[in-house]
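My entries follow in the order I made them.

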Amino acid sequence: QKTFLSVIMFSYVNYICHKKNKYSMNLEQLINEDLKTAMKAKDQDSLRGIRAIKAAILLAKTDGSGAEITTEREIQILQKLIKQRTDSLEIYEQQGREDLASVEKGEIAVIKRYLPEQLEGEALENVLKEIIAEVGATSPKDMGKVMGVASKKLAGKADGKSISETVKKLLA
């Protein structure tokens, strides 16, 4: 019962901190604050996910390019982490390893908290219809033009796979 209450408390504190500081902190500062909160709450799932994000940010900072990490780069890092875990999750589920699959699911949920709200379903379709009209696409042959504009416009707001599937459906 103590663990359950600490997870609820962590979630609530995390929610309040994100709402107050979302625009005044960069991802690295937010991760450091959440790491402290997760350690105090002894929330292992959050700790694993947050530590993975922190490690990815450190790797990006020390990759030798010397470039500052922008918001767009942070989103790319988070999306890459989710993609890696999704791929692992599929493998674990195919092999019947539910213990490892549940760890991956937990990390995916934690990492998704730091991404902007994702467009899905009807909202994604509406944005893509606007892009199709803007580009003047009429057939599946025009998918490349639409994907180029959509990928730039929806970076961080939707994953490439769902964008691609929706564009195929709309142009068919």
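**Entry 1. Fold.** I counted the secondary structure and got eight helices and zero strands. Read along the sequence, the pattern is α-α-α-α-α-α-α-α. I note here that the model is predicted. Of the 172 residues in the protein, 34% are buried.

**Entry 2. Helix H3.** I checked the length of H3, which covers residues 44-61. At 1.5 Å a residue, its 18 residues should span 26 Å, and the end C-alpha atoms are 26 Å apart, so the two values agree. I then listed the buried residues of H3: Ser46, Leu47, Gly49, Ile50, Ala52, Ile53, Ala56, Ile57 and Ala60.

**Entry 3. Nonpolar cores.** Which residues touch the most other members of the largest nonpolar core? I found Leu27, Ile31, Ile50, Ile53, Leu78 and Tyr114, out of 24 residues in that core. The elements giving two or more residues to this core are H2 (27-41), H3, H4 and H5. Apart from it I found another core of 14 residues, including Leu124, Ile132, Leu154 and Leu171. Ile50 and Ile53 had already come up in my list of buried H3 residues.

**Entry 4. Helix H7.** I looked up which residues of H7 (residues 143-153) are buried, and they are Met143, Val146, Met147 and Ala150. Seen down the helix axis, these buried residues fall within an arc of 95°, so they line one face of H7. The general rule I had in mind is that an α-helix has 3.6 residues a turn, so residues three or four places apart point the same way. The face of H7 turned away from the buried side carries two exposed residues, Gly144 and Lys152.

I followed up Gly144, which is found in H7. Its relative accessibility is 55%, so Gly144 counts as exposed, the cut-off being over 50%. The C-alpha atoms of Gly144 and Val167 are separated by 9.9 Å, with the two residues 23 apart along the chain.

**Entry 5. Second largest pocket.** I read off a volume of about 540 Å³ for the second largest pocket. Its lining has 18 residues, and those closest to the centre are Ile82, Lys83, Thr86, Asp159 and Lys161. The elements that give two or more residues to this lining are H4 (71-94), H5 (98-112) and H8 (160-171). Which helix gives the most to the lining? I found that H4 does, with six residues. Sorted by class, the lining has eight charged, five polar and five nonpolar residues.

**Entry 6. Lys42.** I stopped at Lys42, which has a positive phi of about 55° although it is not a glycine. For background, most residues other than glycine have a negative phi. Where does Lys42 sit? I placed Lys42 in the loop between H2 and H3. Lys42 counts as exposed because its relative accessibility is 64%.

**Entry 7. Lys157.** Is Lys157 buried, exposed or partly exposed? With a relative accessible area of 41%, I put Lys157 down as partly exposed. The C-alpha atoms of Lys157 and Glu117 are separated by 6.4 Å, although the residues are 40 apart along the chain.

Conventions
Residues numbered from 1 in each chain as written. Predicted model: local features only at pLDDT ≥ 70, side-chain atom pairs only at ≥ 80, totals over all residues. Heavy atoms only, no water. 1 Å grid on protein atoms, 1.4 Å probe; cavity = no way out; pocket = protein on both sides within 12 Å on 5 of 7 lines; lining within 4 Å. Points joined across faces, edges and corners; volume = space filled by probe spheres on them. Helix = DSSP H or I, 4+ residues; strand = E, 2+ residues; numbered from the N terminus. Nonpolar A, V, L, I, M, F, W, Y, C, P; charged D, E, K, R; others polar. Expected span 1.5 Å × (residues − 1). Buried < 20%, exposed > 50% of the residue type's maximum accessible area, 1.4 Å probe, protein only. Core = buried A, V, L, I, M, F, W, Y, C linked by side-chain atoms within 4.5 Å. Arc of directions from axis to C-beta.
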